Amino acid sequence: MSETWFDASKCLINGAWVAPEGGETLPLENPSDGSELAQIARGRRADVDKAVVAAQGALDGAWGAMTALERGRVLMRMSVAVLEKVDHLAALEAADVGKPLKQARADAVALARYLEFYGGACDKIHGQTIPYLDGYTVYTLREPHGVTGHIVPWNYPMQIIGRSVGAALAMGNAAVLKPAEEACLTALAFGAIAVEAGLPAGALNIVPGLGAEAGAALSAHTGVQHISFTGSVSTGELIQAAAARNVIPVTLELGGKSPQVVFDDADLDAALPFLVNAGIQNAGQTCSASSRILVQRGVYDKLSGMMAARYKELVVGQAMDDLDIGPLISARQKDIVEGFVNAAPAARILAQARLAEGLPQGGHYFAPTLYGGIDPDDPLAQAEIFGPVQAIIPFDDEADALRIANGTAYGLVASVWTANGARQMRMAKKLRAGQVFINNYGAGGGVELPFGGVGKSGHGREKGFEALYGFSVLKTVAAHHG
Ligand code: NAD
């Protein structure tokens with residue numbers, strides 16, 4: 001894939017496309033057919049060093065000198081530029097991640113929306129005045145951390161860059177972004193858009209490469225003052241340990257095993273699309289995927305049948321054919337997902353989706369699989385599979401539902417489906433999750449809504465206004481004037 005507006009084999013450092021110091025590249029695969037899409041830069045420590053120096057230079061120069069209003073206007077211009085290229089970005093993302101074109105397009109629109117939201121917020125962040133001793137005036141200032149590191153995964157590059165880099169820039173930080181080695185074309189395209197829209201050189205730097213090389217170098221860098229990481233629990237532990245050595249704050253957005261809890265009195269027709277889509281969207285490779293469906297016994301048979309019927313209508317195909325579901329990201333991911341399915345009892349399979357005819361041999365296709373009658377302790381109900389596999393788990397009453405829903409190591413998103421208002425409130429309070437939806441499910445959506453986890457799902461909040469607090473430091477000024 002040849003692009004004229006950015007160079008996939010280079011890093012973006014100080015506003016220019018620069019070959020990695022080591023001169024090496026890595027192949028980028030199209031998961032729909034296994035073909036090579038591009039060669040991307042294999043950035044290492046030396047490239048990260050240059051990116052951090054460039055970011056610090058931006059803070060000391062034009063970017064750091066901008067007013068909040070000016071920063072906001074730059075982000076707004078970037079938002080408009082993303083929308084102008086929305087079809088192009090969608091095509092890149094579909095080819096790179098394997099997601100159906102309409103989902104890739106929705107991600108590009110979400111990136112623009114993040115930039116719009118945070119661009120508009122720049123000049124609306126206020127400190128406080130605090131009553132103190134006689135003769136004092138005390139106030140607080142929200143200041144940027146400085147250089148922020150952003151390590152993102154391959155599943156939703158545009159959305160995660162929007163919420164993380166967008167909020168960091170809004171607060172006046174200068175960013176160094178390490179996209180995932182499996183999918184990074186839209187990250188690079190975003191860099192080109194930012195430069196074109198007038199983001200000062202060095203405010204955003206991008207160093208592609210391997211996690212253990214460029215990622216580890218960025219998370220351990222002494223010139224970085226905050227790390228935002230989205231990815232797996234095991235990598236999150238390494239990032240937090242590296243940040244601890246430099247005593248800097250981290251935001252960890254990790255995995256999940258998010259439940260939807262359906263009571264006997266729920267509107268099943270309204271629930272059905274949310275129950276299924278939240279499990280199969282992006283081929284289940286979504287941190288907030290709803291992989292557990294808890295169903296009260298009175299509607300268990302009926303709802304299981306409805307979900308199974310929907311699964312049988314779903315078709316998996318190439319991203320560009322824009323069907324319901326695309327391939328998994330890689331052969332490795334397919335092995336992981338198939339490992340869970342091969343270890344699970346085949347008799348518990350309620351339904352599987354269908355693969356389209358004539359799919360390319362090199363694509364990583366997997367038929368979404370729905371299980372019923374799963375025990376809460378079963379691996380299907382405990383482990384984050386990160387593929388389109390959902391487990392239906394029966395429950396007796398509210399207490400039983402809460403025990404099962406809260407019975408994993410994770411706590412990212414949960415939903416409750418019931419017409420009983422008092423139960424809605426009780427469940428929302430007691431569900432262990434960073435976000436709870438009542439009679440809906442917002443997997444990943446909602447630019448305005450603070451998002452993040454508890455337990456192994458991570459800590460810190462991105463999205464919404466809350467993210468701006470995370471990407472800033474509060475300074476207290478106490479003036480004694482007598
Ligand atoms: P991963 O942790 O392997 O990779 C994520 C990023 O970290 C990549 O850019 C990778 O290069 C980098 N990385 C890998 N090893 C590193 C190291 N030692 N030091 C520094 N950086 C390193 O995760 P993945 O398999 O690519 O993504 C899937 C996981 O991400 C799932 O567990 C999923 O739930 C989670 N995820 C969470 C969210 C969220 O918002 N909570 C969103 C998307 C994905």
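A residue is taken to be near a molecule or strand if one of its heavy atoms lies within 4 Å of it. In this predicted model, local features need pLDDT of at least 70 and side-chain atom pairs pLDDT 80 or more, while totals for chains, interfaces and linings use all residues. Residues are numbered from 1 along each chain as its sequence is written, and side-chain values use heavy atoms, without hydrogens and water.

Around the ligand there are 29 residues, of which Lys178, Glu181, Ser232, Leu254 and Glu384 come nearest. This shell comprises 16 nonpolar, eight polar and five charged residues, where Ala, Val, Leu, Ile, Met, Phe, Trp, Tyr, Cys and Pro count as nonpolar, Asp, Glu, Lys and Arg as charged, and the others, Gly among them, as polar. Because domain 1 (11-254 + 458-477) and domain 2 (258-409 + 413-446) both contribute shell residues, the ligand lies between them; the domain bounds come from an automatic or database domain assignment.

A backbone N or O atom of glycine 211 is 3.4 Å from an oxygen atom of the ligand.

Technical notes. Polar contact = N/O pair within 3.5 Å; in protein donor to acceptor, adjacent residues only side chain to side chain.
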